[in-house]
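Biologist: I would like to learn how to read a pocket in a model. Please take me through one, and then through the rest of the chain.

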Amino acid sequence: MVLLEADRIGRGASGSSPGWITETPETGLVHSEAALGRRPAEHAWQAWRRAARDFQALLRRLGCGLEPRAEVSIAQSAEQVALVNRELQRRRAAGVAAQAVPARTLGAVCGFPAAAGLRTKGNALVDPYRTTLGLAAAAVRRGATIHERTPVTRTARARDAVVVT
């Protein structure tokens, strides 16, 4: 395996990303089900969850530093509260762990008053630069070669290879 990097490893988008690993997709399960159907949405959510857990386990093994974090989705309006309640019911029915956060405790959790909240655990925060370097070092240990400051201008498929210029 070969890794070509136009600049230096970790100095671009990878090393400056937010570093947030979440067990749940950005789109809620209720909306995912509306778009995909119940079973496909549940399968997609379970796959996302497994991928997040596997990635976190890999980063722990590599010693990249990982801080477990919970996530709280906040509802302010009556419509948002209803959606949070539906989301909580659907996640529980699908086997996705979620916890209601009562309005009386949300101020302490998020720093401002809110009508309802939905907490999910299993998320993590990483140092994206450290993680990028850790993944690159692991790839080298497994035989990869890294060529920094090697911009790629073109790729083409050959019979049994990829030609990179």
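Biologist: How do the residues of the lining of the largest pocket divide into nonpolar, polar and charged?

Modeller: Ala, Val, Leu, Ile, Met, Phe, Trp, Tyr, Cys and Pro count as nonpolar, Asp, Glu, Lys and Arg as charged, and the others, Gly among them, as polar. In this lining, seven are nonpolar, seven polar and four charged. The model is predicted: local features need pLDDT of at least 70, side-chain atom pairs count only at pLDDT 80 or more, and totals for chains, interfaces and linings use all residues. Residues are numbered from 1 along each chain as its sequence is written, and side-chain values use heavy atoms, leaving out hydrogens and water.

Biologist: How much space lies in the largest pocket?

Modeller: On a 1 Å grid over the protein atoms alone, a pocket is an open set of points where a 1.4 Å probe fits, with protein on both sides within 12 Å along at least five of seven lines; lining residues have an atom within 4 Å of a point. Points are joined across faces, edges and corners, and the volume is the space filled by probe spheres set on them. Here that comes to about 330 Å³. The lining has 18 residues, and Pro 25, Glu 26, Gly 28, Ser 73 and Arg 91 are the closest to the centre.

Biologist: Is Arg 91 buried or exposed?

Modeller: Buried means under 20% relative accessible area, exposed over 50%, and partly exposed in between (1.4 Å probe, protein chains only). Arg 91, found in helix H3, counts as buried because its relative accessibility is 5%. Contact means heavy atoms within 4.5 Å. Beyond its neighbours within four places in sequence, Arg 91 is in contact with residues including Trp 45, Leu 118 and Thr 120. Asn 85 also lies in helix H3, but is partly exposed at 39%.

Biologist: What radius of gyration does the protein have?

Modeller: The radius is taken over C-alpha atoms, and the globule rule is 2.2 Å times the number of residues to the power 0.38. The protein has 20 Å, whereas a compact globule of 165 residues would have a value near 15 Å. Its C-alpha trace spans about 55 × 35 × 25 Å along the principal axes.

Notes:
Helices (H or I, at least four residues) and strands (E, at least two) are DSSP runs, numbered from the N terminus.
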